[in-house]
Amino acid sequence: TALVLLAVLGLGWNFMGGHREPVYQGKTAKEWFAQLYAARVSGAGLDEEAQSKAVHALRTLGPNAVSYLVRVAFLPPKESAFQKFFASVWRRFHPKDAPFLSPEGARMESVHALSRIKPPAQVLLPLLDKALNGADAVSRRQALILLGCAGDGAEQGVPYLTAALKAKEPSESELAVQSLRNLGPRAKPALPAMIEALATSP
């Protein structure tokens, strides 16, 4: 259930938040994210109505939801011993509920959520600045993916993606191309560099 899943999210990731966390229809961003995930994996098919409701709620919560989802997107991908133990217990006692969401799964689901809500660049970019300009390659690659999720003002992130096209690490240039494609016409300024990168790729 969503409530039990929420407990997993809170205990496993240590993102309990404050007592005055903004809510929409009585639920926090964390709870709506849990509902979105549960709706994506529920039953034999996807619960589109529940997904749409969760996406709308996350959009309504605005910067608070975006900040939470970005934090989840940068979780360490490796599971701790506690998380592995909790996952085994979850699968044993809740075989019909939504699967336990591992850190890596959480990272992937948060990217999906951000791609659905398409936050404005003025909200998203400040949250990615440290990763984009830092030395940690894993965080930088994740930030490049998230740039492709931006909505209004997405062109503000194009310079970062254009620079990444020339990165020595092939995975970074590939992710930059992917995000530029996701941005569509808003990525037009990067088109010459993108064509050059594709032409010179092995």
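Me: Leaving aside neighbours within four places in sequence, which residues is Ser173 in contact with?
Reply: Ala164 and Leu165, with those sequence neighbours left out. Bear in mind that this is a predicted model.

Me: Where does Ser173 lie, in which helix?
Reply: Ser173 is part of helix H10, which covers residues 170–183.

Me: Buried or exposed?
Reply: Ser173 is buried. Its relative accessible area is 15%, and the cut-off for buried is under 20%.

Me: What lies 2.8 Å from a polar atom of the Ser173 side chain?
Reply: The backbone oxygen of Pro170.

Me: OK, Leu165 then. Which residues touch the most other members of the largest nonpolar core?
Reply: Leu165 is one of them.

Me: Take Leu69. What is Leu69 in contact with, neighbours within four places aside?
Reply: Phe33, Leu58, Ser110, Ala113, Leu114 and Ile117.

Me: Switching to rings. How many aromatic pairs are there?
Reply: The count is two. Tyr24 and Trp32 form a tilted pair, with 6.2 Å centre to centre and 45° between the planes. Phe33 and Tyr68 form an edge-to-face pair, at 6.1 Å and 70°.

Me: Why does the Phe33 and Tyr68 pair tie together parts that are apart in sequence?
Reply: Because Phe33 lies in helix H2 (residues 29–41) and Tyr68 in helix H4 (residues 63–73), the pair ties together parts 35 residues apart in sequence.

Me: What charged end sits over the ring of Trp32?
Reply: That of Lys27. It is 4.6 Å from the ring centre.

Me: Zoom out. How many helices and strands does the chain have?
Reply: The chain has 11 helices and zero strands.

Me: What share of the residues counts as buried?
Reply: 47% of the 202 residues.

Me: And the accessible surface, what does that come to?
Reply: About 10900 Å² for the chain. Carbon and sulfur atoms account for 58% of that surface.

Me: For contacts between residues at least 6 apart in sequence, what percentage join residues at least 24 apart?
Reply: 69% of those contacts.

Me: Where is Gln25 found?
Reply: Gln25 is in the loop between helix H1 (2–13) and H2. Gln25 counts as exposed, at 53% relative accessibility.

Me: What about the phi of Lys118?
Reply: Lys118 also isn't a glycine, and its phi is positive at about 45°. Lys118 sits in the loop between helix H6 (103–117) and helix H7 (121–133). Lys118 is partly exposed, with a relative accessible area of 38%.

Me: On to Gln156. Which loop does Gln156 lie in?
Reply: The loop between helix H8 (137–147) and helix H9 (158–164). Gln156 counts as partly exposed, at 45% relative accessibility.

Me: What does Gln156 touch, not counting residues up to four places away?
Reply: Ala121 and Leu125. Gln156 and Ala121 are 35 residues apart in sequence, yet 6.8 Å apart in space, C-alpha to C-alpha.

Me: Last one, Pro185. Where does Pro185 lie?
Reply: In the loop between H10 and helix H11 (191–200). Pro185 is exposed, with a relative accessible area of 76%.

Me: How many residues apart in sequence are Pro185 and Glu155?
Reply: 30 residues. In space, Pro185 and Glu155 are 9.3 Å apart, C-alpha to C-alpha.

Methods. Residues are numbered from 1 along each chain as its sequence is written. This is a predicted model: local features need pLDDT of at least 70, side-chain atom pairs count only at pLDDT 80 or more; totals for chains, interfaces and linings use all residues. Side-chain values use heavy atoms; hydrogens and water are left out. Helices (H or I, at least four residues) and strands (E, at least two) are DSSP runs, numbered from the N terminus. Buried means under 20% relative accessible area, exposed over 50%, partly exposed in between (1.4 Å probe, protein chains only). A polar contact is a pair of N or O atoms within 3.5 Å; within protein, one must be able to donate a hydrogen and the other to accept it, and residues adjacent in sequence count only if both atoms are side-chain atoms. Contact means heavy atoms within 4.5 Å. A nonpolar core is a set of buried Ala, Val, Leu, Ile, Met, Phe, Trp, Tyr and Cys residues joined through side-chain atoms within 4.5 Å. Rings of Phe, Tyr and Trp (its six-membered ring) pair if their centres lie within 6.5 Å; planes under 30 degrees apart count as stacked, over 60 as edge-to-face and the rest as tilted. A charge sits over a ring if NZ of Lys or CZ of Arg is within 6 Å of the ring centre and within 35 degrees of the ring normal. Accessible areas come from the Shrake-Rupley method with a 1.4 Å probe; for residues, only the protein chains shown count as cover.
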